[in-house]
Each structure stands twice: as structure tokens, then as C-alpha cells.
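Please look over the sequence and the model before turning to the points below.

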Amino acid sequence: MATDFFQDIMNDVVNVITNDGRNFVGTLISYDQKMNIILTDCNERVYESKDVPVEAVKMNLYSIRGDNIATIGKIEMDIEEDIDYNQVKAEPINPTHIF
Amino acid sequence: MVFATFFQVLSENNARITIHLKNDLAIEGNIQSVDEYLNIVLSEIDVVNNEENPYLLSVKKLLIRGNTISHISMPDHGIDTDTIQELAMKDMERK
């Protein structure tokens, strides 16, 4: 069940992709059964194009409504520390198509 | 609940599947758990075409919300389709 997963990643740094194609990284401090979540120390990772490195925009305390969430991943800090984000360049994530 | 049952069996076998999302990302991973909304938890994930899509570089364990899933592909070998069919039939009979 999804609740087991949330209990597992509680108070960990998570990576959230939303349906409008935005990417947030922050510490998960709260969730509910509708998958609404609250992140502290939240940064939005803005992917502009393949020529511009990803940019972090500080969002502080951030709450995301459950039905706008596409994926939630737990960030492995040992891998994260080795990544040079000045080298990471990508096109923006596509929004989720709702037909 | 036939599909939830189907993926539950896959998760018990720890099968590796590829989930194609409605936002054009494709994510491969070992299926860990499924719930009634088809929210799926994957472990040891790899994003297909990782160079173009470096959004989940440091993520290994990922929850995918059921309503963003477009389709799912999986290898047809190593999956016990007989058991799945049996479970699905039982599910139908209960209704």
C-alpha cells in the first residue's frame, strides 16, 4: 500500500514531479490519505533547456495537493552528493496529458 | 480489482516492468507494491533515455500515482499467467 511507502520516506528528502511538469525537492514532513503532502526546505528544480543548467528556486515551506502529483521518489543522499548539477541540463518535463 | 490482483502477483515475484507515464517519461523498475488505485511503488528505478531525462538521477525508490500511468510493459517470460488467470477468474466469480 502507498501508506507503507509514505511511512518509509517520512522526514526524508524527496523528489516530486507534478502533473504540470514541475519538479520539487524537499523534506517530507506530512501527508494524508489523499496524498496531499507538505515539504520543508523545498526547492523547485527548473529545467529550462538543453543549454542551461538546472536552476534551484527556493520555495521554503510548500504544500502540494495530492491530485497534482505524478511521482514521488526518495532521494538517496549518497548518490545525490556526487551529482554536479551544473552539468545537468534538460528540456522541461512535459505536463501530464489529461484527455 | 482484477488488475490490482494481477500487479500484486507481479510484485510478489518482484518482476521488472516499464511504466510509461502520461507525461511521456518511461520508468523501469522492480515492482514493490500496488494498491487499489494502481498507485505503484518501484525500486531500483531507471528512467528510459536517462541522458535526455535526468530528473530522477538520485532516486531509487519511486511511487507513481495511478492516474498518471499511461501504459505498462513487461517481459512475457517469467510471468506465471496461469496463476494470474486463476486469480482473475475467482475475482469475477465473487461478483
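A polar contact is a pair of N or O atoms within 3.5 Å; within protein, one of the two must be able to donate a hydrogen and the other to accept it, and residues adjacent in sequence count only if both atoms are side-chain atoms. By this rule, 12 residue pairs, both at pLDDT 80 or more, are in polar contact between chain B and chain A. The model discussed here is a predicted one.

**The interface between the chains**

- The contact involves 37 residues from chain A and 26 residues from chain B.
- In chain B, the residues that lose the most area to chain A are Y55(B), S58(B) and L63(B), which together account for 27% of what that side buries.
- About 2,600 Å² is buried between chain B and chain A, and 60% of this lies on carbon and sulfur atoms.
- The rule finds 2 salt bridges across the interface of chain B and chain A.
- A salt bridge links E52(B) with K50(A), where the closest N and O atoms are 3.4 Å apart.
- On the side of chain B that touches chain A, β2 and β4 (59-64) of chain B each supply at least two residues.
- With 6 residues, β4(B) gives the most to that side of chain B.
- The residues on the side of chain B that touches chain A comprise 12 nonpolar, 8 charged and 6 polar ones.

**Strand pairing between the chains**

- Strand β5 of chain A (residues 69-75) pairs with β4(B) in the antiparallel sense, over 5 bridges.
- Within this pairing, L62(B) in β4(B) stands opposite G73(A).

**Strand pairing within chain B**

- Strand β1 (residues 16-21) and strand β2 (residues 26-34) of chain B are antiparallel partners over 5 bridges.
- N30(B) in β2(B) is the residue opposite R16(B).
- These two strands, β1(B) and β2(B), form a hairpin with 4 residues between them, and D24(B) in the turn has a positive phi of about 70°.
- β1(B) also pairs in the antiparallel sense with strand β5 of chain B (residues 69-73), over 4 bridges.
- The bridge partner of T18(B) in β5(B) is S73(B).

**Positive phi values in chain A**

- Most residues other than glycine have a negative phi.
- M35(A), which is not a glycine, has a positive phi near 70°, and M35(A) is found in the loop between β2 (23-31) and β3 (37-46) of chain A.
- M35(A) counts as buried because its relative accessibility is 5%, and the cut-off for buried is under 20%.
- N60(A) is likewise not a glycine and has a positive phi of about 55°; N60(A) lies in strand β4 (residues 55-64) of chain A.
- With a relative accessible area of 45%, N60(A) is partly exposed.

Conventions: Residues are numbered from 1 along each chain as its sequence is written. Chains are lettered from A and ligands numbered from 1 in the order in which they are written. Side-chain values use heavy atoms; hydrogens and water are left out. Two strands pair if DSSP finds at least two bridges between them. Buried means under 20% relative accessible area, exposed over 50%, partly exposed in between (1.4 Å probe, protein chains only). Contact means heavy atoms within 4.5 Å. Buried area is the accessible area (1.4 Å probe) that two parts lose on being put together, summed over both. A salt bridge is a side-chain nitrogen of Lys or Arg within 4 Å of a carboxyl oxygen of Asp or Glu. Ala, Val, Leu, Ile, Met, Phe, Trp, Tyr, Cys and Pro count as nonpolar, Asp, Glu, Lys and Arg as charged, and the others, Gly among them, as polar.
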